[in-house]
Amino acid sequence: MRLTHPAGGLRAAGARLLALIALATLLLAGCARERLHQQESYVFGTRVELLTWNASDAKAESAMAEVLREFDRLHRAYHAWEPSELTALNDAIAAGRQGIPVSPELAAMLADAKQLAATGDELFNPALGQLIALWGFHTDTFTPHRPDPVRLAALVATRPQMADLSISGNTVTSRNPAVQLDLGGYGKGYALDRAAAILKARGVNNALINIGGNVLALGSKGEAPWRVGIQHPREPRPLASLPLRDGEAIGTSGDYQRFFEMDGERYCHLLDPRSGRPARGTQAVTVLITPRPGAGTLSDAASKPVYLGGEAWRDYARRFGIDHALRVDADGRIQVTRALHDRLQYGEGVGQARVLD
């Protein structure tokens, strides 16, 4: 996971604007506070919020504490540059080793990520760790800079991608030593699914899990569904809000979440593997995943090819079975599928959206 902390010139959503936020005023309005339990933390380089409804104090607190311990475990196990199982695997790949043993969990994650990457033409590409590091996003003390163009071109020419991996049981082999894994576009969603499993196993059936704007809902908030907001990509307010129902997850990718500006140009952390450069043409996309296994993971991973797909965003959403999606293009124009449009309550002053069937 790319677990950066906001620093220097990097403007991070975890510190200020969440790509997708649970709206506290909406969550708390009209409800008896004693029925709502809340825990906050800072993990994966972003703000984490857990909300439960109508569970006893002891049950809610115990379950949420277990979830936060699991987040800490995932943070340590799959960190992209501090010593972890993932960095050990990357070192072995770079050294040309074959049949590298990994934990069953990491093997399953990589196999899933490989399939998701193939579905999206490798635009979702967790093999781009070297490229992410070259742009300076593998650090806790970020200094804005543009990479040397010769080094950038040489790295792009190596074409690291998830298709380079062979996963057999709990062993991994890469045919390309340039592969360096970074699960930053996968890990938050995976953590959502792990949190949901823990909460349900502990008898907590009504909860909202928010990891830096990737959100998954369990059950409801009493008589009403949970309600969440989609962050405006250029203003400190919601673009819209919508009800999130039992088992649904929602994720946003945007050029405002982590970026720097240099010479009047914006460079976001969402890198296009085809050019090796920060993506352009889209301010933000949001996808809503209807209930299915791995909904949280899909909300995280699928938003990347939808974002990088530009004008083909709708096609990429369909490939992942996503009917509910919204895009804000480079000029701030909103395009939204009818399925999602029918559930949105737009914020004041938001321009008219183009609805697509």
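Which residues line the largest pocket? Before turning to that place, note that the model on the screen is predicted.

**The whole chain**

Display the entire chain as a cartoon. Its secondary structure comes to 11 helices and 21 strands. Of the 357 residues in the chain, 57% are buried. The chain exposes about 14,200 Å², and carbon and sulfur atoms supply 49% of that area. Consider next the contacts between residues at least 6 apart in sequence: 65% of them join residues at least 24 apart.

**First stop: the largest pocket**

Select D121, E122, N125, L128, L131, L155, V156, R159, P160, Q161, P273 and R274, and show their side chains; these residues line the largest pocket. The space in this pocket is about 210 Å³. Colour the lining by residue class, and it divides into 6 nonpolar, 2 polar and 4 charged residues.

**Second stop: strand β18**

Select residues 324–329, which form strand β18. Is this strand enclosed or open to the outside? Because 6 of its 6 residues are buried, β18 is largely enclosed by the rest of the structure. In a regular strand the side chains alternate between the two faces of the sheet. Show the side chains of β18 and look at each side in turn. H324, L326 and V328 lie on one side, A325, R327 and D329 lie on the other, and all of them are buried, which leaves both faces covered.

Select strand β17, residues 282–289; it runs antiparallel to β18 and is joined to it by 6 bridges. Within this pairing, T286 has L326 of β18 as its bridge partner. Then select strand β19, residues 334–337, which pairs with β18 in the antiparallel sense over 3 bridges. Here L326 stands opposite V336 in β19.

Follow the chain from β18 into β19. The two strands form a hairpin with 4 residues between them. In this hairpin, select G332, which takes a positive phi near 85°.

Which strands form the open sheet of 3 strands, and in what order? The order is β5-β7-β6, and the pairing is antiparallel. The edge strands are β5 (100–101) and β6 (165–168), each of which pairs on one side only. Select strand β7, residues 171–174, together with β5: these two pair in the antiparallel sense over 2 bridges. Show I100, which stands opposite V172 in β7.

Is A195 buried or exposed? Its relative accessible area is 1%, and therefore A195 is buried. To see its neighbours, show V67, F71 and I209; A195 touches these residues, not counting residues up to four places away in sequence. Then draw a distance from A195 to L208: the two are 13 residues apart in sequence, and their C-alpha atoms are 9.9 Å apart.

**Last stop: T252 in strand β12**

Select residues 249–254, strand β12, where T252 is found. At 4% relative accessibility, T252 counts as buried, because buried means under 20% relative accessible area. T252 and S299 are 47 residues apart in sequence, and the distance between them in space is 7.9 Å, C-alpha to C-alpha.

Note on methods
Residues numbered from 1 in each chain as written. Predicted model: local features only at pLDDT ≥ 70, side-chain atom pairs only at ≥ 80, totals over all residues. Heavy atoms only, no water. Buried < 20%, exposed > 50% of the residue type's maximum accessible area, 1.4 Å probe, protein only. Contact = heavy atoms within 4.5 Å. Areas by Shrake-Rupley, 256 points an atom, 1.4 Å probe, with all protein chains shown as cover. Pairing = 2+ DSSP bridges. 1 Å grid on protein atoms, 1.4 Å probe; cavity = no way out; pocket = protein on both sides within 12 Å on 5 of 7 lines; lining within 4 Å. Points joined across faces, edges and corners; volume = space filled by probe spheres on them. Nonpolar A, V, L, I, M, F, W, Y, C, P; charged D, E, K, R; others polar.
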